[in-house]
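Please keep the sequence and the structure at hand while reading.

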Amino acid sequence: MANYRESRGELEGYLTARVPVIGIRTIEQQRAMRLMKEIASRPNRSAQPFWIYTRATGLRDLRTNIAVQDDRSLTGAMDFMASQFSARPRATVILVDPDGLDSDAPITRHVAELARLADSNAGCIVLITDKPIWSGLQRLGMGLQLDLPDAAEMYAIISDFLADHKDRVPIAWTADDARRASEFLEGVTEGEAVNLMATVAAKGSVEQDDVLVLARSKDRIFNDLAGLERLNLKSADHAVGGLSNLRDWLARKQRLMHADLRGTGLRPPRGVLLVGVPGCGKSLSAKAVSQQWQLPLYRLDMASIHGMYLGESENRMRDALATADRVSPCILWIDEIEKGLAGGNDSTGVPQRVLGQFLFWLQESQSRAFVVATANDVRKLPPELLRKGRFDELFFVDLPDEQDRKEIIELYYRRYVKAEPDPDQVQSLVDISDGFAGSDIESALHDVGAEVLLNGGAEALHPAFVLNTFANTNPLSRTNPEQVDDIRAWGRERAVPAGRQNPNDAGPGATAARRVVFLGE
């Protein structure tokens with residue numbers, strides 16, 4: 001994958017070597033055409049003729065943009081190429097987005113014959129396309145891929161835009177703000193970046209907060225995302241009760257997510273794996289991170305990844321992760337990841353190959369796509385996924401303790417009852433809800449809120465109704481205690497607690513405290 005400067009160097013070398021066919025693979029035709037014009041305008045190439053063909057303008061001189069002939073068809077351009085390659089040395093013709101060159105077809109063989117004719121007189125054909133070129137034609141020359149702008153090139157694009165508008169609108173951005181914006185805009189084309197900047201400036205000013213506005217606006221470019229579902233969040237999705245240890249850790253990662261990491265050797269945060277008891281806030285945490293970090297949330301649906309044909313699942317996974325790189329910075333939520341990556345006994349090997357792709361992406365991707373993966377059945381998690389260095393951290397989400405239950409009860413009471421809870425009643429509910437997951441508490445208070453709505457307000461709510469609602473709720477820890485005990489035994493031994501750690505609660509599988517002595521101190 002080559003950026004603009006690297007592509008220019010490669011292209012210069014190919015033209016100097018008079019390679020007969022040069023294929024430039026890119027989705028940015030205008031950027032590739034500008035690259036060719038920069039090279040053709042250099043003094044050392046002043047005597048070398050350059051022509052360019054597009055369907056809209058026909059054949060024109062690359063430097064002056066003067067039409068060469070009235071016939072705007074590709075056939076007319078190819079007849080002109082044949083005459084020039086025969087009569088003039090070092091002639092170069094650029095064909096922009098020609099149709100039908102991705103397979104063995106008459107037009108492809110015609111271009112191949114022209115390439116052989118060009119080769120006999122040091123001529124060159126440059127093909128700018130976003131499609132693969134038929135191997136029989138590509139083998140006559142060389143190819144390069146002009147990648148989307150990287151952060152350095154994007155910074156130059158943004159800086160040029162700000163310089164052009166500094167006398168027209170107030171601009172509050174510093175150089176650091178422009179660099180943050182350039183990192184956020186990686187994955188979009190040059191034209192898309194300019195459009196996004198123009199949208200920001202169109203409101204009459206460029207403020208510091210517009211850096212994050214720019215990041216949120218970026219995902220509007222992508223409407224049909226392979227394997228990804230864009231989630232629109234409600235205002236209540238940012239509230240999470242308990243999980244104080246996880247929330248503190250995420251606050252530190254948020255600073256790193258938006259930091260300038262150039263020259264540090266550090267990479268952006270990769271993500272977190274949340275395992276634990278069902279209903280304790282794992283999925284809600286993914287939504288909360290998106291709200292608090294002000295980044296778009298995408299859900300990777302593992303069920304949509306797996307296909308029935310050979311290689312289909314792997315291709316879908318590759319496309320989905322590549323799309324996540326493009327839409328970054330973002331939060332990538334993978335719910336119940338064990339269901340998509342489990343299958344060690346699968347004879348087809350598909351789950352293992354999909355897992356391998358995902359692990360490679362976790363290890364190597366430099367994009368700001370932060371993964372929040374959740375798992376309920378921890379015993380099905382592949383051991384490769386748990387190795388340090390895949391995710392930034394592995395957290396265990398346990399049943400909320402007394403203090404966390406108090407916080408969760410107050411949160412949902414205010415949301416559904418629309419009133420401040422009585423402290424004495426809250427303490428009674430905390431005692432009754434021992435063994436409840438966060439979802440159990442929410443469900444009970446949702447029923448209370450429905451009763452309030454039907455009876456005309458919180459003033460008519462009888463305290464006994466609230467207590468009875470909690471007393472009649474049967475959480476998973478009571479209906480299926482064996483499953484919950486297994487999950488808790490696994491998590492307490494192998495993961496960092498997401499909530500406050502109680503030193504007096506060793507739990508199943510815990511080990512004795514250790515002391516390490518440092519000699520010489």
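With which residue does Asp 104 form a salt bridge? The partner is Arg 109, and the closest N and O atoms of the two residues lie 2.8 Å apart. The model is a predicted one, and the distance is computed from its atoms.

**Other charged pairs**

Side chains of opposite charge can pair when their charged atoms come close. A search of the whole structure finds 20 salt bridges. One of them joins the side chains of Arg 488 and Asp 398, at 2.8 Å from N to O. This pair links distant parts of the chain, its residues being 90 apart. Arg 488 belongs to helix α21 (residues 481-494), whereas Asp 398 lies in the loop between β12 (393-397) and α16 (402-417).

Another salt bridge brings together the side chains of Glu 28 and Arg 31, with 2.7 Å from N to O. Both Glu 28 and Arg 31 are buried. These two residues also belong to a network, in which salt bridges with shared partners join Glu 28, Arg 31, Arg 34, Glu 153 and Glu 190.

**The setting of strand β2**

Why is strand β2 (residues 50-54) described as largely enclosed by the rest of the structure? The reason is that five of its five residues are buried.

In a regular strand the side chains alternate between the two faces of the sheet. In β2, Phe 50, Ile 52 and Thr 54 are on one side, while Trp 51 and Tyr 53 are on the other.

**The neighbours of β2**

Which strands pair with β2? One is strand β4 (residues 92-96), which pairs with β2 in the parallel sense over four bridges. Within this pairing, Tyr 53 has Leu 95 of β4 as its bridge partner.

Strand β3 (residues 58-61) is also joined to β2 by four bridges, but these two strands run antiparallel. Here the bridge partner of Thr 54 is Gly 58 in β3. A hairpin of three residues connects β2 to β3.

Conventions
Residues numbered from 1 in each chain as written. Predicted model: local features only at pLDDT ≥ 70, side-chain atom pairs only at ≥ 80, totals over all residues. Heavy atoms only, no water. Salt bridge = Lys/Arg side-chain N within 4 Å of Asp/Glu carboxyl O. Buried < 20%, exposed > 50% of the residue type's maximum accessible area, 1.4 Å probe, protein only. Pairing = 2+ DSSP bridges.
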